[in-house]
Amino acid sequence: MQLPKRRVVIDPGHGGHDPGAVGPNGLFEKDVVLDIALKLKKELEANSLYDVFLTRDKDVFIPLEERTAFANKMDADLFVSIHANASPRREAKGIETYLLNWTDDEEAMRVAARENAISLKKMKAMNQKMDIVKVIMDDLFRQVKRDESIKLAHYVQNSLIENCENRYNLGVKQALFYVLFGARMPSVLIEVSFISNPEEVELLSEDEYRFKIAKAI
């Protein structure tokens, strides 16, 4: 009996006129995550049970809402959005994986604000508006795959920490990421390392490290 194929949509963050975060050596987040996504696609496609799709396979800009809409249109079984973290604190480092949910954690809100391309002040206001939060929470409860998103986030996070040189584990967190809104399948957003950290940006510049990240995911 042949097993059914599973559809995975990989989302390399940013692109085009949106470079994402920029490292101290001039490395663009959009380029790092696209390369990781292409490597991940190749790894997954080595298994005949997977059909793999990218929200972008070149340096183009795609609005956040269109990325999840694409995953829904493809009737994906999983949605994985890949990003590189950044912080005003150059010493900030580590790997973390997110799922969609309300949070009062300021650091998680800061990360979401950057990826959502809004200010931290606006992000906090968004968290405080109970009518918006209610809509999001209703959406979460309608998503029957909620538990699978939590499992997926932990699987990915544990694998990254076990298989990459960067073992600074920031854990699994939650925040209101626009790119995860409305996903009808288990979905996570991965911050693979801090492009703003002098040591981690050197790792992200290496093809071997990007391959290890892809293989771990």
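## Strand β3 and its partners

In this predicted model, residue I82 has I190, in strand β6, as its bridge partner. Strand β6 covers residues 187–194 and pairs with β3 in the parallel sense, over 6 bridges. β3 also pairs with strand β1, which covers residues 6–12; this pairing is parallel too and has 5 bridges. Here the bridge partner of V8 is L78, a residue of β3.

Strand β3 spans residues 78–85 and is mostly covered, with 7 of its 8 residues buried.

## The nonpolar cores

I82 is also one of the residues with the most contacts inside the largest nonpolar core, a set of 35 residues; the others named for this are I10, L160, V192, I195, L204 and I213. Helix α1 supplies the largest share of this core, 6 residues. A second core is separate and has 18 residues, among them F79, Y98, A112 and L176.

What does I10 touch, leaving aside residues up to four places away in sequence? Its contacts are A37, L40, K41, L44, V52, F53, L54, T55, V80 and I82. Of these, A37, L40 and L44 are buried residues of α1.

## Helix α1

Helix α1 runs over residues 29–45, 17 residues in total. The distance from its first C-alpha to its last is 24 Å, close to the 24 Å expected at 1.5 Å a residue.

The buried residues of α1 are E29, K30, V32, V33, L34, D35, I36, A37, K39, L40 and L44. An α-helix has 3.6 residues a turn, so residues three or four places apart point the same way.

## R67 in helix α2

R67 belongs to helix α2, which covers residues 64–73. Is R67 buried or exposed? Its relative accessible area is 2%, so R67 counts as buried, the cut-off being under 20%.

Not counting residues up to four places away in sequence, R67 touches D11, P12, G13, H14, T55, R56, I62, F79 and V179. T55 is also touched by I10, and F79 is a member of the second core.

## The chain as a whole

The chain holds 8 helices and 6 strands. Read from the N terminus, its elements follow the order β-α-β-α-β-β-α-α-α-α-β-β-α-α.

Of the 217 residues in the chain, 50% are buried. Among contacts with a separation of 6 or more, 78% join residues 24 or more positions apart. The accessible surface of the chain is about 10700 Å², and carbon and sulfur atoms account for 54% of this surface.

Key:
Residues numbered from 1 in each chain as written. Predicted model: local features only at pLDDT ≥ 70, side-chain atom pairs only at ≥ 80, totals over all residues. Heavy atoms only, no water. Helix = DSSP H or I, 4+ residues; strand = E, 2+ residues; numbered from the N terminus. Expected span 1.5 Å × (residues − 1). Buried < 20%, exposed > 50% of the residue type's maximum accessible area, 1.4 Å probe, protein only. Pairing = 2+ DSSP bridges. Contact = heavy atoms within 4.5 Å. Core = buried A, V, L, I, M, F, W, Y, C linked by side-chain atoms within 4.5 Å. Areas by Shrake-Rupley, 256 points an atom, 1.4 Å probe, with all protein chains shown as cover.
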